[in-house]
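Please look through the model below before reading on.

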Amino acid sequence: SAGDWLVMIRGAYRNLSDIMHKMITLVEKDYGTMQVTQLQKAALQERCILVDKLDKPVGEATKQVCHEINTEGCVPLHRAFSVFLFNSKKELLLQKRSSAKITFPNCYTNTCCSHPLAEIPNEIEEEDAIGVRRAAIRRLGYELGIPSDEIKPSDLFYLTRICYQAPSNNRWGEHEIDYILFLQRDDLTINPNPDEVSEIQWVSRSEIENFMKTIPLMTPWFRMIYNFKLLHWWDNLHALAEMQDHQNIILLTD
């Protein structure tokens, strides 16, 4: 009957609509993944600052060269920074790196971690780590959406430097002299970039120990800094100047 035909046509239309919706969803998912991959691949062409064990510049190389394990099983030593942002409640902002990250994807880490770039002249300047602090402002903008005019270089307290190395997998790894930068602010605009950051979380001093025990994945530098002196620094945010050390580079191991 005409009624039966109408029911069949409606059913077929619904099935076709469901199939088309699934196809569109898959295409969008693949396209999104492709876009993220292209962004991450493009970032591999940025140029990091190669340094010796005393943090003296000795050249430059692409981010890919600086993070790819070579035939000798090594990663070139290069300059980096790690930012720790605290609010007025003394909570620390942590991020979870996106699944698209080439090194340590899906790992929790400190607020922001990256590198000053050799192709940006004002990030090469070394006096009082001004170049590193400018780079940190740039990356806080890119990763967390914090407008550059909301932070001045002087807002970032340069505490000390560490040196560490760690593999991410059998192809990629880290080997860095890492500048530790503390930032204590309440009034920042935060809008994470999903290509870089999948989650953010404010963690209190009383919560951090349990947090570190329960999260499944964590970057090695964050774990090393935590095990070294993060809690001591956290307990003394009011007196960081007394713990500042610009003379020594602290070697950390996992």
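Which residues does Ile-124 touch, not counting residues up to four places away in sequence? Ile-124 touches Ile-49, Leu-117 and Ala-118, where contact means heavy atoms within 4.5 Å. Ile-124 is placed in the loop between β6 and α3, and at 38% relative accessibility it counts as partly exposed; buried means under 20% relative accessible area, exposed over 50%, and partly exposed in between, with a 1.4 Å probe and protein chains only. Between the C-alpha atoms of Ile-124 and Pro-57, which are 67 residues apart along the chain, the separation is 9.3 Å.

## Basis of the model and the chain

This is a predicted model, in which local features need pLDDT of at least 70 and side-chain atom pairs count only at pLDDT 80 or more, while totals for chains, interfaces and linings use all residues. Residues are numbered from 1 along each chain as its sequence is written, and side-chain values use heavy atoms, with hydrogens and water left out.

The chain holds five helices and 10 strands; helices (H or I, at least four residues) and strands (E, at least two) are DSSP runs, numbered from the N terminus. Of its 254 residues, 46% count as buried. Among contacts between residues at least 6 apart in sequence, 69% join residues at least 24 apart.

## Strand β3 and its partners

β3 pairs with β8 in the parallel sense over nine bridges, two strands being paired if DSSP finds at least two bridges between them. Within that pairing, Ala-80 has Asp-178 of β8 as its bridge partner. With β6, β3 pairs in the antiparallel sense over three bridges, and there Val-83 has Cys-112 as its bridge partner.

In the loop between α2 and β3 lies Cys-74, which is partly exposed with a relative accessible area of 36%. Not counting residues up to four places away in sequence, Cys-74 touches Glu-68 and Ile-69. Cys-74 and Gly-173 are 99 residues apart in sequence, yet their C-alpha atoms are 8.5 Å apart in space.

Strand β7 (residues 157-167) is largely enclosed by the rest of the structure, because eight of its 11 residues are buried. A hairpin of five residues joins β7 to β8, and these two strands pair in the antiparallel sense over 10 bridges; Glu-174 in β8 is the bridge partner of Ala-166. β7 also pairs with strand β10 (residues 249-251), in the parallel sense and over three bridges, with Ile-249 of β10 as the bridge partner of Arg-161.

His-175 lies in strand β8 and is buried, with a relative accessible area of 17%. A polar atom of the His-175 side chain lies 2.8 Å from the backbone oxygen of Val-75. Leaving aside neighbours within four places in sequence, His-175 is in contact with Val-75, Pro-76, Leu-77, His-78, Tyr-164 and Gln-165.

Rolling a probe the size of a water molecule over the atoms shows where empty space is left. A pocket is here an open set of points, on a 1 Å grid over the protein atoms alone, where a 1.4 Å probe fits and protein lies on both sides within 12 Å along at least five of seven lines; lining residues have an atom within 4 Å of a point. The largest pocket has a volume of about 330 Å³, a volume being the space filled by probe spheres set on the points, which are joined across faces, edges and corners. It is lined by 27 residues, of which Lys-63, Arg-97, Lys-101, Thr-103 and His-115 lie nearest its centre. The elements giving two or more residues to this lining are α1 (2-43), α2 (63-67), β3 (78-86), β6 (112-114), α3 (130-144) and β8 (173-184).

The lining of the largest pocket divides into 11 nonpolar, six polar and 10 charged residues; Ala, Val, Leu, Ile, Met, Phe, Trp, Tyr, Cys and Pro count as nonpolar, Asp, Glu, Lys and Arg as charged, and the others, Gly among them, as polar. The second largest pocket holds about 190 Å³ of space, and its lining divides into four nonpolar, one polar and six charged residues. Among the residues that line the second largest pocket are Arg-79, Arg-161, Tyr-179 and His-246.

Note on methods: A polar contact is a pair of N or O atoms within 3.5 Å; within protein, one must be able to donate a hydrogen and the other to accept it, and residues adjacent in sequence count only if both atoms are side-chain atoms.
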